[in-house]
Amino acid sequence: MRLFQQRTKVCRFDSARAFSKEYELGEGDFILASRSVYETFFKSLGIKAHVEYKDKYGAGEPTDLMMDALLADFRQTGCDRIVAIGGGAVIDMAKLLVLEGNGTTEQIFRRQVPLRKAHTLIAVPATCGAGSEVSNVSITELTSIHSKMGLADDSIYADDAVLIPGLLANLPYPFFATSAIDAFIHAIESYVSPRANLYTRMFGRQAMEMILSGFQKIVEYGPKYRMELLEEFLTASNLAGIAFGNAGTGAVHAMSYPLSGVYHVTHGEANYQFLTAVFGTYQRLKPKGSLRELNIFLAGILGCEAEQVYTELGHLLNQIIARKSLREYGMKEREIHEFAKSVEESQQRLLNQSYVKLDAGQMEEIYRALY
């Protein structure tokens, strides 16, 4: 039984210039980037690589159609090394470029074609949530089913993850907040996964402590104080990515996918909607086991009794950014049942990694309570 692996080399640089010089970015490199990040930090460096911006392929979270267009562009360039600079969407899209062959995105995600790595990938995160730079997971919306689907395969690991804390400086506060909450969810879900072990929980605990401590400081000193914490949050996101890359995520992610797929809610924000409700359900159904250990750990950080952890966590996160009701995104009441059934039918990989494997009825109760 495999306990733990870390395939990706993790590096840190003080600036984009230092990274570009060390890696000798230039001809033969295919750069996929967030436009604002690249133009702010990299464009002035005059890097002679093939550069494409993510917004060329569409706005928001990746879809299979966006990824297909990117694959077509990359396959015409003859480039060998891929450099992804941006948030989780950019890195998730770039991961498919490493594969040999001419499969479509849907064929790749449904494993209808062989998944064999043929190119080098360097991942440079510009948000503090996805942890995609160190995970073997890519997420896309399959437009044929109007829901997100995850691909987890060792062939799509990045070869190098490059951390440059300053790249987070221009991240608007709402995106910073939901990204950091997403990183926390990666850590907490992986902590109680049936696949968790001593190694993954070590990374998850450190990530949760860093994120919650940072949130407490932001509540005390205000949103601008996050500029003092960029390295801490980027590191915590990376640690959480290592944890969930080995132990997986669960029902929080699974239940968020229809909301993201149908109403185009960003990944971190969609996950946030379900965090405390799912873990409160776990608490009711199976209060002992690793959840009890987790609750004691979180209670020490939050300064409350273990039984009140998810109430206090919800209060803290609501001070960071307010959580909405599902109806505020446009969700219809009839979709409560539809979403629960679709998750049960299409997200077994994630449900099997949950602390308690929820059925459609239990998920319907959660959707209804949040509606």
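Analyst: Strand S1 (9–12) is joined to strand S8 (residues 160–163) by 4 bridges, and the two run parallel. Lys9 has Asp160 in S8 as its bridge partner. The model is predicted: local features need pLDDT of at least 70, side-chain atom pairs count only at pLDDT 80 or more, and totals for chains, interfaces and linings use all residues. Numbering starts from 1 along each chain as its sequence is written, and side-chain values use heavy atoms, without hydrogens or water.

User: What makes S1 and S8 a pair?

Analyst: Two strands pair if DSSP finds at least two bridges between them. S1 and S8 have 4 bridges, so they pair by that rule. Strands are DSSP runs of E with at least two residues, helices are runs of H or I with at least four, and both are numbered from the N terminus.

User: Why are S1 and S3 placed at the edges of the sheet?

Analyst: The open sheet has 6 strands in the order S1-S8-S5-S4-S2-S3, with parallel pairing. S1 and strand S3 (50–53) each have a single partner strand, so one side of each has no neighbour in the sheet. From one strand to the next, the twist averages 20°.

User: How do you know that S2 is mostly covered?

Analyst: Buried means under 20% relative accessible area, exposed means over 50%, and partly exposed lies in between (1.4 Å probe, protein chains only). In S2, 5 of its 5 residues are buried. Asp29, Ile31 and Ala33 cover one side, and Phe30 and Leu32 the other. In a regular strand the side chains alternate between the two faces of the sheet. S2 pairs with S4 over 5 bridges, in the parallel sense, and Phe30 stands opposite Ile82 there. S2 is also joined to S3 by 4 bridges, again parallel, with Leu32 opposite Glu52.

User: Why is helix H4 described as largely enclosed?

Analyst: In H4 (residues 88–95), 8 of the 8 residues are buried, so the rest of the structure largely encloses this helix. Among them are Val90, Ile91 and Met93, but also Asp92 and Lys95. These buried residues pack against strands S2, S4, S5 and S6 and helix H3.

User: Why is Glu141 called buried?

Analyst: Its relative accessible area is 7%. That is under 20%, so Glu141 counts as buried. Glu141 lies in strand S6. Beyond neighbours within four places in sequence, its contacts (heavy atoms within 4.5 Å) include Asp64, His146, Lys148 and His264.

User: What makes Ser256 buried?

Analyst: Ser256 has a relative accessible area of 0%, so it is buried. Ser256 is in helix H9 (residues 251–263). Leaving out residues up to four places away, it touches Ala270, Asn271 and Phe274. Its side chain reaches the backbone oxygen of His253 at 2.8 Å. A polar contact is a pair of N or O atoms within 3.5 Å; within protein, one must be able to donate a hydrogen and the other to accept it, and residues adjacent in sequence count only if both atoms are side-chain atoms.

User: Why does Tyr221 count as exposed?

Analyst: Tyr221 has 52% relative accessibility. The cut-off is over 50%, so the label holds. Tyr221 is in helix H7. A polar contact of 3.5 Å joins its side chain to that of Glu220.

User: At what angle do H7 and H8 pack?

Analyst: The angle is about 150°, with the axes 8 Å apart. Axes are lines fitted to C-alpha atoms, for helices over the stretch in contact, and angles run from 0 to 180 degrees between N-to-C directions. By class, the contact has 13 nonpolar, 6 polar and 1 charged residues. Among the residues that meet are Phe203, Met210 and Ile218 in H7, and Phe233, Leu239 and Ile242 in H8.

User: What makes Glu24 exposed?

Analyst: Glu24 has a relative accessible area of 66%, which is over 50%, so it is exposed. The loop between helix H1 (16–23) and S2 holds Glu24. Its phi is near 50°, also positive in a residue other than glycine.

Notes:
Ala, Val, Leu, Ile, Met, Phe, Trp, Tyr, Cys and Pro count as nonpolar, Asp, Glu, Lys and Arg as charged, and the others, Gly among them, as polar.
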